[in-house]
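Please look over the sequence and the three-dimensional structure shown below. The paragraphs that follow lead through selected features, one group at a time.

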Amino acid sequence: MALAAVLAAVAVAQVATAATSYTVGAPDGLWDMHTDYAEWVAARTFHPGDNITFTYSRELHDVVEVGKAGYDACSSANNVSAFRSGNDVVALTAVGTRYFLCGLTGHCVSGMKIRIDVVAASTGPVAAPPTTSAGGNVVAGLGALVVTQALLGSISVW
């Protein structure tokens, strides 16, 4: 049982440290009017814990987070938040869809907007819950270990 607990802790730690940081538009572009953001997003999968960074010239652009209606209408009037540093890091903290656009006149309608779909991280196959067999042995789904009731017998790995 102790081995199963250690393996489970390692698996959780690996999932927790698997966050990825993305620079929007990279490697071929940045937050600009020349990048195809639909193509850029299609090549990536975003998960809670990931970060996206918008890198751009502060004199030429900004980043505005909006709702779906603002995204569809290219309107930053009712924005969620606005960024203007030129190197803005946005944490993707939860599953859901986030919408960003450049709030400068004409930039969004020229394609400078991006929809980020944040999906749950896949942790691989789910281990079966421990069950007790007729002989009193515990069968642990993680690693398919069979540990005898008295813990004096052998440990079998299937």
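Arg84 is exposed, with a relative accessible area of 55%; here buried means under 20% relative accessible area, exposed over 50%, and partly exposed in between, with a 1.4 Å probe and protein chains only. This value belongs to a predicted model, in which local features need pLDDT of at least 70 and side-chain atom pairs count only at pLDDT 80 or more, while totals for chains, interfaces and linings use all residues. Residues are numbered from 1 along each chain as its sequence is written, and side-chain values use heavy atoms, with hydrogens and water left out.

Arg84 forms a salt bridge with Asp62, and the closest N and O atoms are 3.8 Å apart. A salt bridge is a side-chain nitrogen of Lys or Arg within 4 Å of a carboxyl oxygen of Asp or Glu. This pair links distant parts of the chain: Arg84 lies in the loop between E4 and E5, and Asp62 in the loop between E2 and strand E3 (63-66), 22 residues apart. Helices (H or I, at least four residues) and strands (E, at least two) are DSSP runs, numbered from the N terminus. Asp62 has a relative accessibility of 6% and therefore counts as buried.

How many salt bridges does a search of the whole structure find? The search finds four. One of them joins the side chains of Glu65 and Arg98, at 2.5 Å from N to O. This pair, too, links distant parts of the chain, with Glu65 in strand E3 and Arg98 in strand E6, 33 residues apart. Glu65 counts as buried because its relative accessibility is 8%. Another salt bridge brings together the side chains of Arg115 and Asp117 at 3.1 Å, N to O. Arg115 is partly exposed at 38% relative accessibility, and Asp117 is partly exposed at 31%.

The next topic is the sheet. Strands of a sheet pair through backbone hydrogen bonds, either parallel or antiparallel. In this model, an open sheet of three strands has the order E1-E2-E5, with mixed pairing; two strands pair if DSSP finds at least two bridges between them. Strands E1 (21-23) and E5 (87-91) stand at the edges with a single partner strand each, so one side of each has no neighbour in the sheet. Strand E2 (residues 51-55) pairs with E5 in the antiparallel sense over five bridges. Thr53 has Val89 in E5 as its bridge partner.

The cysteines form a further group. A disulfide is a covalent bond between the sulfur atoms of two cysteines. The criterion used here is a pair of cysteine sulfur atoms within 2.5 Å, and a search of the whole structure finds one disulfide. Cys74 and Cys108 form this bond, with sulfur atoms 2.1 Å apart. The torsion about their S-S bond is about -70°, so the disulfide is left-handed. Cys74 lies in the loop between helix H3 (68-73) and strand E4 (81-83), whereas Cys108 lies in the loop between strand E6 (96-101) and strand E7 (113-118). Cys74 is partly exposed at 22% relative accessibility, while Cys108 is buried at 5%. Cys102 is in no disulfide, and the nearest cysteine sulfur, that of Cys108, is 8.4 Å away.

Finally, the backbone deserves attention. Most residues other than glycine have a negative phi, and most peptide bonds are trans. Cys74, a residue other than glycine, has a positive phi near 55°. The peptide bond from Ala26 to Pro27 is cis, with omega near 10°, and Pro27 lies in the loop between E1 and helix H2 (37-42).
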